[in-house]
Amino acid sequence: MSAIAGETERVNFRANQATKREAERVMRAMGLNLSDGLNMFLARVAAEHRVPFPLAMTREEVLAPETVKLADDAMYAISKEVSRRVADGKPIARYDPIRAEAYIQYADGRKEYIGG
């Protein structure tokens, strides 16, 4: 079976080696080759004018493991520092996404917006 119909054009792209091999294995199990699978994908995109599946990915799927570790370590350090400052009654810089403004939050709960 071939998903190729009509005139064809060569397309070259880079893919993660392990992902490519797994995709080839899955395609073979379905009686297809990788070119057939990619052509079916492109045909769906062209027909539906969208990517034919949700584009939700976890950060672990998007980022390299060392980047996830670095981000986690940074968030932990920030959390510890915020907790220390709250315990000491010191003000904390925060961001209000609704107002799209930074502010200082004081120990008494008062907020002082910066700029705006």
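Colleague: Let's start with Asp96. Where is Asp96 found?
Modeller: Asp96 is found in strand 1, residues 92-96. Strands are DSSP runs of E with at least two residues and helices are runs of H or I with at least four, numbered from the N terminus. Please keep in mind that this is a predicted model: local features need pLDDT of at least 70, side-chain atom pairs count only at pLDDT 80 or more, and totals for chains, interfaces and linings use all residues.

Colleague: Which residues is Asp96 in contact with, leaving aside its neighbours within four places in sequence?
Modeller: Glu101, Tyr103 and Tyr113. Contact means heavy atoms within 4.5 Å.

Colleague: What makes Tyr103 and Tyr113 an aromatic pair, and why is the pair called tilted?
Modeller: The search of the whole structure finds 2 aromatic pairs. In this one, the centres lie 5.2 Å apart with 45° between the planes. Rings of Phe, Tyr and Trp (its six-membered ring) pair if their centres lie within 6.5 Å; planes under 30 degrees apart count as stacked, over 60 as edge-to-face and the rest as tilted. The distance therefore makes them a pair and the angle makes that pair tilted.

Colleague: How do you know whether Tyr103 is buried or exposed?
Modeller: Buried means under 20% relative accessible area, exposed over 50%, and partly exposed in between (1.4 Å probe, protein chains only). Tyr103 has 8%, so Tyr103 is buried. Tyr113, at 23%, counts as partly exposed.

Colleague: What makes you say that Arg99 sits over the ring of Tyr113?
Modeller: The charged end of Arg99 is 3.5 Å from the ring centre. The rule asks for NZ of Lys or CZ of Arg within 6 Å of the centre and within 35 degrees of the ring normal.

Colleague: Why do Glu81 and Arg84 count as a salt bridge?
Modeller: Their closest N and O atoms are 2.4 Å apart, so the pair passes the salt-bridge cut-off. Glu81 and Arg84 are 3 residues apart in helix 4, about one helical turn.

Terms used: Residues numbered from 1 in each chain as written. Heavy atoms only, no water. Salt bridge = Lys/Arg side-chain N within 4 Å of Asp/Glu carboxyl O.
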